[in-house]
Amino acid sequence: MTPISMLDDDTLCARLIAALADAFPDLMIQGGADEPFYEAAKEGQKAILYFRSNYPRSLLHELSHYCLAGNRRRMLDDFGYWYFPCGRTEEEQILFEKVEARPQGLEKAFCEAIGLKFSPSLDDFSGRPASESFLSNLEAAYREMTTNPPPTAKRALEALKIAKAQF
């Protein structure tokens, strides 16, 4: 068994993808993307969850969106979500923080499940700090995900815990 801190990103991502394949047989998880994107399943093809480069945290973050999207949203590319890129107005950043707290709470639980360091992401390079409400909502979501996660999130958490035992 290799400590997670000793694995390079490529190896860790490959192991996570392999572990999640059994839990999510209708989903292909693929790294190397310039930007994360979810491609909904098309007739006869699996859905594809693209994550940034080969970053384990990006994989876990995008997986959290998948787990929380619900069946209807999983039928839509990028789950039907809007996205304002970096350079948001203060109002856009507040909206971003409002919708990102729950997925990041699940991402924190994923990181904990495999022993990876978590830190909140504002996806914002303006230098503005995270709002207290964002951090509080993220922690509340984390508590929810560790005590009573939705079924898809629970399946992912179980797969990650099994994977950690095999690292």
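**Pockets and a helix pair**

Student: How much space lies in the largest pocket?
Tutor: This is a predicted model. Residues that line the largest pocket number 28. The space in this pocket is about 970 Å³.

Student: Which element gives the largest share of the lining of the largest pocket?
Tutor: Helix H2 (56-73) and H3 are the elements that give two or more residues to this lining. The largest share is 7 residues, and it comes from H3.

Student: Which residues are the closest to the centre of the largest pocket?
Tutor: By class, its lining has 13 nonpolar, 6 polar and 9 charged residues. The closest to the centre are His61, Glu62, His65, Tyr83 and Glu100.

Student: Which helices each supply at least two residues of the lining of the second largest pocket?
Tutor: About 210 Å³ of space lies in this pocket. Its lining has 15 residues, with Asp26, Leu27, Ala47, Tyr66 and Arg74 the closest to the centre. The helices are H2 and H5.

Student: Is H3 roughly parallel or roughly antiparallel to H5?
Tutor: H3 (residues 90-114) and H5 (residues 151-166) pack with their axes 8 Å apart, at an angle of about 25°. Angles under 35 degrees count as roughly parallel. Therefore H3 is, relative to H5, roughly parallel.

Student: How many charged residues does the contact of H3 with H5 have?
Tutor: In H3, the residues that meet H5 include Leu106 and Phe110. H5 brings Leu157, Lys161 and Lys164, among others. By class, the contact has 9 nonpolar residues, no polar ones, and charged residues numbering 2.

Note on methods: Residues are numbered from 1 along each chain as its sequence is written. This is a predicted model: local features need pLDDT of at least 70, side-chain atom pairs count only at pLDDT 80 or more; totals for chains, interfaces and linings use all residues. Side-chain values use heavy atoms; hydrogens and water are left out. Axes are lines fitted to C-alpha atoms, for helices over the stretch in contact, and angles run from 0 to 180 degrees between N-to-C directions. Helices (H or I, at least four residues) and strands (E, at least two) are DSSP runs, numbered from the N terminus. Angles under 35 degrees count as roughly parallel, over 145 as roughly antiparallel, 65 to 115 as roughly perpendicular and the rest as oblique. Contact means heavy atoms within 4.5 Å. Ala, Val, Leu, Ile, Met, Phe, Trp, Tyr, Cys and Pro count as nonpolar, Asp, Glu, Lys and Arg as charged, and the others, Gly among them, as polar. On a 1 Å grid over the protein atoms alone, a cavity is a set of points where a 1.4 Å probe fits but cannot get out, and a pocket is an open set with protein on both sides within 12 Å along at least five of seven lines; lining residues have an atom within 4 Å of a point. Grid points are joined across faces, edges and corners, and a volume is the space filled by probe spheres set on the points.
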